Amino acid sequence: MVTNKHVLSWIEEMAALTCPDKIVWIDGSEEQAEALRAEACSTGEMIKLNEEKLPGCYLHHTAVNDVARVENRTFICTSKKEDAGTINNWMDPKECYEKLGKLYKGAMKGRTMYVIPYSMSVVGSDFAKNGIELTDSIYVVLNMIIMTRVGLNVLEAMGTDGDFIKGLHARANMDENERYICHFPEDNTIWSINSGYGGNVLLGKKCFALRIASYLGKNEGWMAEHMLILGIENPQGEIKYISAAFPSACGKTNLAMLIPPENYRVKGYKVWCVGDDIAWIRKGPDGRLWACNPENGFFGVAPGTNVNSNPNALASTMEGTIFTNVAHNLDDNTVWWEGLDKNPPKNALNWRGEQWDYTKYDKNDKVKTSGAHPNSRFTAPAKNCPCISAEFNNPAGVPLTAIIFGGRRAKTAPLVYQSFNWTHGTFVGSIMASETTAAASGAVGVVRRDPMAMIPFCGYAMGDYFQHWLDMENIADVVPKIFHVNWFRLDENGNFMWPGFGDNFRILEWIIKRCEGTVDAVETAIGYVPKAEDINLEGLDYEICEGHKFGLDDLKSILTVDKDAWLEDFANIKEFYAAKIGDKLPAALQKEYDDQLARLQSL
């Protein structure tokens with residue numbers, strides 16, 4: 001079955017280290033997966049849910065100390081510390097292998113080692129990268145089957161000596177003080193121990209598809225980005241594709257599965273989801289940049305997902321889904337989470353597996369009083385999504401017309417603006433930021449810089465990453481136009497000025513028109529801003545506050561460039577560049593900073 005000697009020798013070495021009782025190869029068959037589901041249910045690792053209401057769905061609870069990614073326990077291990085940069089935790093590879101080797105020693109004794117051969121992107125495509133994850137968790141196996149393309153055909157694609165990403169995961173004793181998620185980009189290796197939470201243990205996701213892949217992309221001339229990919233279809237059946245990067249809590253998944261306003265839908269406009277989280281981007285045969293979603297499923301945040309906020313995401317969870325750390329409705333053996341509806345179950349277990357009293361819920365203490373953990377998740381097959389793109393499994397990917405960066409800013413960034421060119425667009429991405437809300441931290445308006453939404457996920461120094469972005473213009477013959485959006489402008493009373501959600505389609509339409517050259521714009525100090533009359537407000541019915549409906553004047557106000565706010569922001573950018581990028585800041589971005597600052601000061 002396996003002819004790749006590198007695979008066999010590595011598995012032999014890892015088995016000698018971890019000492020499993022037996023080794024099981026995952027072949028990608030439904031028969032094997034079903035047997036593993038039954039075994040997980042027999043041990044209590046998973047709970048089978050109502051087959052009529054949620055066919056093929058299961059519930060899992062992690063350890064209470066293991067409910068999210070642990071950035072302070074996540075390391076990039078490179079031979080030179082400067083290659084990891086100041087944004088990452090660094091550990092010397094030799095030291096890390098030695099430290100974690102002691103933790104892995106005998107860690108699978110009494111357990112089964114599962115060997116998961118998987119491909120990120122369509123097996124055998126130009127985009128595809130192969131990996132093998134070794135794990136002692138059936139939960140991990142079943143999630144990886146949803147999230148990646150698992151099967152023996154991956155081993156065939158590797159051939160006798162093909163490269164692969166080596167991933168080792170062991171639950172060990174779940175000691176949070178000995179929890180590590182370590183990446184060795186120079187060795188194509190990921191080690192994860194003492195965790196069972198998805199983001200730390202589904203090694204094909206952030207670990208491989210972003211941290212390791214971003215390093216590979218830099219060396220091989222392509223990009224691994226924390227971006228959604230969507231297609232916009234006009235009434236003539238023409239589809240243009242956009243990728244977009246947003247920090248957390250900025251509506252990324254909602255945009256990926258957006259439903260256009262009714263007045264657009266009746267004319268035949270549609271939005272197709274290619275991906276909701278990660279984009280691999282490379283030069284295609286025609287010289288343009290093409291993108292694929294390397295994943296095969298959605299690992300989404302459950303709370304707040306409902307029929308109004310994101311009906312497509314909710315529909316995706318209705319079959320073949322694994323729910324993690326949500327509430328268990330004992331009356332009908334289904335699941336529930338805050339924001340799903342206004343009918344919390346009367347007889348339910350919370351995310352800890354304890355009897356839950358919904359009347360004791362306190363939004364100021366969500367972790368202790370909520371039914372579902374605030375970071376509870378669903379792992380759903382992408383094929384379930386009603387708006388999944390017909391190009392989802394296209395091995396060539398899709399051609400990008402535009403790239404969008406976004407953030408949550410109360411007054412600094414306009415609703416939308418276009419960069420002057422690729423270099424300026426890279427600068428726009430490098431200064432991406434969001435402001436905290438009271439719900440997020442207790443402090444309002446604190447600016448958090450997150451360039452390209454990659455601060456937690458870039459596998460090497462951020463300054464080198466910026467330079468790679470700049471270099472992509474020389475790799476591709478044609479590059480997409482770059483834009484920035486901000487759905488979160490506030491009025492003086494703290495009300496959202498723009499309706500957001502489906503109405504964001506109106507901004508996407510303007511972006512496509514700009515790329516087609518069919519609409520003009522106003523040149524400002526920060527880029528090209530729309531003429532308010534060119535944003536289609538037909539059918540828009542939004543009340544900013546009682547008695548104040550959104551109109552053209554409101555649109556004009558959120559398209560303005562606030563000089564004072566921008567000058568204040570530039571002081572913050574300077575501090576961020578100095579603290580986090582340092583000497584690795586490309587000269588081209590320093591020039592963009594200086595030029596834009598001068599334009600603002602001259603207003």
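Some ground rules. The model is predicted, so local features need pLDDT of at least 70 and side-chain atom pairs count only at pLDDT 80 or more, while totals for chains, interfaces and linings use all residues. Residues are numbered from 1 along each chain as its sequence is written, and side-chain values use heavy atoms, with hydrogens and water left out.

Let's start with strand β6, residues 112-120. A strand here is a DSSP run of E with at least two residues, a helix is a run of H or I with at least four, and both are numbered from the N terminus. Is β6 buried or exposed? Buried means under 20% relative accessible area, exposed means over 50%, and partly exposed is in between, using a 1.4 Å probe and protein chains only. For β6, 9 of the 9 residues are buried, so the strand is largely enclosed by the rest of the structure. Look at the two faces. T112, Y114, I116, Y118 and M120 point one way. M113, V115, P117 and S119 point the other way.

Which strands pair with β6? Two strands pair if DSSP finds at least two bridges between them. Strand β1, residues 22-25, runs parallel to β6 over 4 bridges. There, W25 stands opposite V115. Strand β7, residues 129-135, is antiparallel to β6, with 7 bridges. One of the facing pairs is I116 with E133. Then comes β8, also antiparallel, joined to β6 by 2 bridges. S119 has R149 of β8 as its bridge partner.

Four strands make an open sheet, in the order β21-β20-β22-β23, with antiparallel pairing. β21 (334-336) and β23 (355-356) are the edges; each has a single partner strand, so one side of each has no neighbour in the sheet. β22, residues 348-349, meets β23 over 2 bridges. L349 has Q355 as its bridge partner in β23.

Now find N325. This residue sits in the loop between β19 (322-324) and β20 (327-329). N325 is buried, with a relative accessible area of 1%. What does N325 touch? Contact means heavy atoms within 4.5 Å. Leaving out residues up to four places away in sequence, N325 touches H60, H61, T62, V67, W351, A372, H373 and S376.

The search uses a 1 Å grid over the protein atoms alone. A cavity is a set of points where a 1.4 Å probe fits but cannot get out. A pocket is an open set with protein on both sides within 12 Å along at least five of seven lines. Lining residues have an atom within 4 Å of a point. Grid points are joined across faces, edges and corners, and a volume is the space filled by probe spheres set on the points.

How many cavities of 30 Å³ or more are there? The whole structure has 3. R149 is one of its lining residues.

The second largest pocket has a volume of about 610 Å³. Its lining has 29 residues, and R37, I145, I146, P381 and K383 lie nearest the centre. Helix α2 gives the most to this lining, with 4 residues.

Last, the aromatic rings. Rings of Phe, Tyr and Trp (its six-membered ring) pair if their centres lie within 6.5 Å; planes under 30 degrees apart are stacked, over 60 edge-to-face, and the rest tilted. The count comes to 28 aromatic pairs. Y465 and F466 have ring centres 6.2 Å apart and planes at 50 degrees, so that pair is tilted. F483 and W510 have centres 6.1 Å apart and planes at 80 degrees, so that pair is edge-to-face. F483 is in strand β29 (residues 481-485) and W510 in helix α16 (residues 505-516), so the pair ties together parts 27 residues apart in sequence. F483 is buried at 0% relative accessible area, and W510 is buried at 1%.

One more group. Ring pairs link Y417, F427, W566, F570, Y577 and Y593 into a cluster.
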